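This report describes a single protein chain for a reader who is new to structural analysis. Please keep the sequence and the three-dimensional view at hand while reading.

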Amino acid sequence: RISFGSIHPWSIDNEFLEYYKKILPLKRLVDFFHVPIQSGSNKILNLMKRGYTREEIMLKLIEIKKLNPFALIATDVIVGFLDESEKDFQDTYDFLEKSPISKFHIFRFSKRDNTAAYYLSKNLDEPSSAVKMKRAKLLAELGKKKFETFQKLNVGRNSLALFISNREGDYQEALIDNQLPVLVKTAKDLNSQIKNIKILEYKKGKLFGRIKYL
């Protein structure tokens, strides 16, 4: 099983999408894409010199989902970047809400010495800590809802699952084809083994499944 680390948005081009379409039936590639967009505001993306617009990255993410509705797309997002207004934040919130992204990693901006942002800060205002915390909380709440919705989408599926060492009582954790963790009841230690499982239910924030025997 081959899995990616972070994929830069500009790496998701037609060649990448064609390759994903070709390799998808082989089930060798883990269907998890961590795409660090950082912001959903074109103004902020331009200040960050990210080299793409919200419209461009949205189309790319939609193409991934067209190829595989069960692909899990995650992102990094920064709140409180220099000169981020309420409108800029709302642009980011709306982008994340409407996008196929189901999991957020949220960071509050802090400038570091001798970076491009450090020099930008001489001319641009930085949102207050309280504003950053408020915005981060709003995105965290949205992210929780979207991730829960995505987990529930997977109930009823069959998937190959890689068992890892984590256990919760009678259950061992396994990672399905899109890296979602599923708890499977087993008395055996199945660590590092790949089994075909059926996802049975979503309960209290977790997925539960059972091994399928032929």
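## A residue in a loop

Between which two strands does the loop holding Thr186 lie? Thr186 lies in the loop between S6 and S7; strands (E, at least two residues) and helices (H or I, at least four residues) are DSSP runs, numbered from the N terminus. The model is predicted, so local features need pLDDT of at least 70 and side-chain atom pairs count only at pLDDT 80 or more, while totals for chains, interfaces and linings use all residues. Residues are numbered from 1 along each chain as its sequence is written, and side-chain values use heavy atoms, with hydrogens and water left out.

Thr186 counts as buried because its relative accessibility is 11%; buried means under 20% relative accessible area, exposed over 50%, and partly exposed in between, with a 1.4 Å probe and protein chains only. A polar atom of the Thr186 side chain lies 3.1 Å from the backbone nitrogen of Lys188. Apart from its neighbours within four places in sequence, Thr186 is in contact with Arg167, Asp170 and Gln172, where contact means heavy atoms within 4.5 Å.

## The chain as a whole

The protein chain contains 6 helices and 8 strands. Along the sequence, these elements follow the pattern α-β-α-α-β-α-β-α-α-β-β-β-β-β. The C-alpha atoms fill a box of roughly 65 × 40 × 30 Å, taken along the principal axes.

Of the 214 residues in the chain, 44% are buried. Among contacts between residues at least 6 apart in sequence, 69% join residues at least 24 apart.

## The barrel

A barrel is closed by 5 strands in the order S4-S5-S6-S8-S7, with mixed pairing; two strands pair if DSSP finds at least two bridges between them. Neighbouring strands of this sheet are turned by 50° against each other on average, direction ignored. Such angles are taken between axes, which are lines fitted to C-alpha atoms.

Strand S4 (residues 158-168) pairs with strand S7 (residues 194-203) in the antiparallel sense over 5 bridges, and Lys195 in S7 is the bridge partner of Ala161. S4 also pairs in the antiparallel sense with strand S5 (residues 171-175), over 4 bridges. Here Tyr171 in S5 is the bridge partner of Glu168. The hairpin of S4 and S5 has 2 residues between the strands, and Gly169 takes a positive phi near 65° in this hairpin. By contrast, strands S6 (residues 181-185) and S8 (residues 206-211) pair in the parallel sense over 3 bridges, with Leu207 in S8 as the partner of Val182.

An open sheet of 3 strands has the order S1-S2-S3, with parallel pairing. Strands S1 (32-34) and S3 (103-108) stand at the edges with a single partner strand each, so one side of each has no neighbour in the sheet. Neighbouring strands of this sheet are turned by 15° against each other on average, direction ignored. S2 and S3 pair over 6 bridges in the parallel sense.

Asp76 is found in strand S2 (residues 72-79), and its bridge partner in S3 is His105. The side chain of Asp76 makes a polar contact with the side chain of His34 (3.0 Å); a polar contact is a pair of N or O atoms within 3.5 Å, of which, within protein, one must be able to donate a hydrogen and the other to accept it, and residues adjacent in sequence count only if both atoms are side-chain atoms.

Notes
Axes fitted to C-alpha atoms, helices over the stretch in contact; angles between N-to-C directions.
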